[in-house]
Amino acid sequence: MTKRMWMALISLAGLFVGAYLTLYKFGFIGTLACNVGSCEQVQTSRWSVFLGIPVATWGVGFYILMLGLSIAGLQPRFAESRRLSLAILLLAGWGVLFTAWLNYLEGFVIHAWCEWCLGSAAMVLLLFVLALMDWRETRDVELLTSE
């Protein structure tokens, strides 16, 4: 399985997590399934909204973009596209920075951890690592073909 295929699958899983948390935030789900017991504390904190939009909804948008770019990258005409690879890497890098900020807030401001958020953070980190590997691979192909 290619890196972009893995990125598409991880993005799809992240999309489901983001949708689940968004549904909770908008009141469609009564309680969250949470083994650590502090997911609702995180999801109802004042930090669970960014620029008037629930953080989970931002996550849905991020994962939709990652899914779309990853699927586009599976198409033969974009298979070796360095620009697409860079776009995926930059988006994943932004995701890592935003997620790191959110995890900082969980641990040091809210003093509670949400296992769904931590799972999403792991997925974002995996997406970044795969995107970095993909970008390096397209760079190496470009260098080989230009010689």
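**Close-up views of a predicted model**

**View 1. What lines the largest pocket.** The lining residues of the largest pocket in this predicted model divide into 24 nonpolar, 11 polar and 1 charged. Here Ala, Val, Leu, Ile, Met, Phe, Trp, Tyr, Cys and Pro count as nonpolar, Asp, Glu, Lys and Arg as charged, and the others, Gly among them, as polar. The lining has 36 residues, and Val55, Trp58, Gly59, Phe98 and Leu102 lie nearest the pocket's centre. A pocket is an open set of points on a 1 Å grid where a 1.4 Å probe fits, with protein on both sides within 12 Å along at least five of seven lines; lining residues have an atom within 4 Å of a point. H4 gives the largest share of the lining, 12 residues.

**View 2. Helix H1.** H1 covers residues 3-25. Helices are DSSP runs (H or I, at least four residues), numbered from the N terminus. Just after H1, Gly27 has a positive phi of about 85 degrees.

View 3. Tyr24 sits in helix H1. Tyr24 is buried, at a relative accessible area of 11%; buried means under 20%, with a 1.4 Å probe and protein chains only. Beyond its neighbours within four places in sequence, Tyr24 contacts Ile29, Gly30, Thr31, Leu32, Glu40, Gln43 and Thr44. Contact means heavy atoms within 4.5 Å. The C-alpha atoms of Tyr24 and Glu40 are 9.1 Å apart.

**Notes.** Residues are numbered from 1 along each chain as its sequence is written, and side-chain values use heavy atoms, leaving out hydrogens and water. In this predicted model, local features need pLDDT of at least 70 and side-chain atom pairs count only at pLDDT 80 or more, while totals for chains, interfaces and linings use all residues.

Key. Helix = DSSP H or I, 4+ residues; strand = E, 2+ residues; numbered from the N terminus. Expected span 1.5 Å × (residues − 1). Buried < 20%, exposed > 50% of the residue type's maximum accessible area, 1.4 Å probe, protein only.
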